[in-house]
Amino acid sequence: MYTQSELSQVRSLKKRRTLIAVIPAAILLAAGIVLFVLGRIDRSDSMWKITAAFTVAGLFYLFFMLGVYVVPVYKYEKHVDRMLNGRQHLCTGILKEVSDNVCEKEGVLFHPIMINVGEKNDGKDDRLYYFDVLKELPQIPLGERITIQHNDIMVSDFYRAE
């Protein structure tokens, strides 16, 4: 389900987004420093206001873009890396529920999936896993016996049991 090429695409997207966040902020901060130096050379009493405005704008832009634009890709990269290189476990059971609801775990969006691993379909044997929203759900009907390959509670692969 996850591939090394997907991981490299996510890493490249993270680098591109980081540059989009850092370069304009660095330009604003550099402009603030240059204006500060020029203001000190001219002994200007009001240039510090423009310097402060450039500095505040640069830092606000940097923190906003990092939080909204870069961190979600960073978290998804971490998730994909864990799905490819983390410890994997197998669990076989009967598919009870695939929810259309979306929930967030560790900064990534998932669909909850419930399987029952017991012999008698007892509620104590239910297991809850989370399937990545960006991946297409396999078309397996409810009640079918499936095997889930997972890292912790995150599904890394999902197929019919043999």
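This is a predicted model: local features need pLDDT of at least 70, side-chain atom pairs count only at pLDDT 80 or more; totals for chains, interfaces and linings use all residues.

Over which ring does the charged end of Arg17 sit? The ring is that of Tyr69, and the charged end of Arg17 lies 4.3 Å from its centre.

Let me turn to the aromatic rings. The count comes to 3 aromatic pairs. One of them joins Phe60 and Phe64: their ring centres are 6.1 Å apart and their planes stand at 15 degrees, so this pair is stacked, given that planes under 30 degrees apart are classed in that way. Both residues belong to helix α2, which covers residues 47-85, and because they are 4 residues apart there, about one helical turn separates them. As for accessibility, Phe60 counts as exposed, at 59%, since the exposed class begins over 50%. Phe64, with a relative accessible area of 45%, is partly exposed.

My last topic is the backbone. Most residues other than glycine have a negative phi. Glu106 is placed in the loop between β2 (103-105) and β3 (108-116), and its relative accessible area of 49% makes it partly exposed.

Asp152 is also not a glycine, and its phi is positive at about 60 degrees. Where is Asp152 found? Its place is the loop that runs between β5 (145-151) and β6 (154-160). With a relative accessibility of 51%, Asp152 counts as exposed.

Terms used: Residues are numbered from 1 along each chain as its sequence is written. Side-chain values use heavy atoms; hydrogens and water are left out. Rings of Phe, Tyr and Trp (its six-membered ring) pair if their centres lie within 6.5 Å; planes under 30 degrees apart count as stacked, over 60 as edge-to-face and the rest as tilted. Helices (H or I, at least four residues) and strands (E, at least two) are DSSP runs, numbered from the N terminus. Buried means under 20% relative accessible area, exposed over 50%, partly exposed in between (1.4 Å probe, protein chains only). A charge sits over a ring if NZ of Lys or CZ of Arg is within 6 Å of the ring centre and within 35 degrees of the ring normal.
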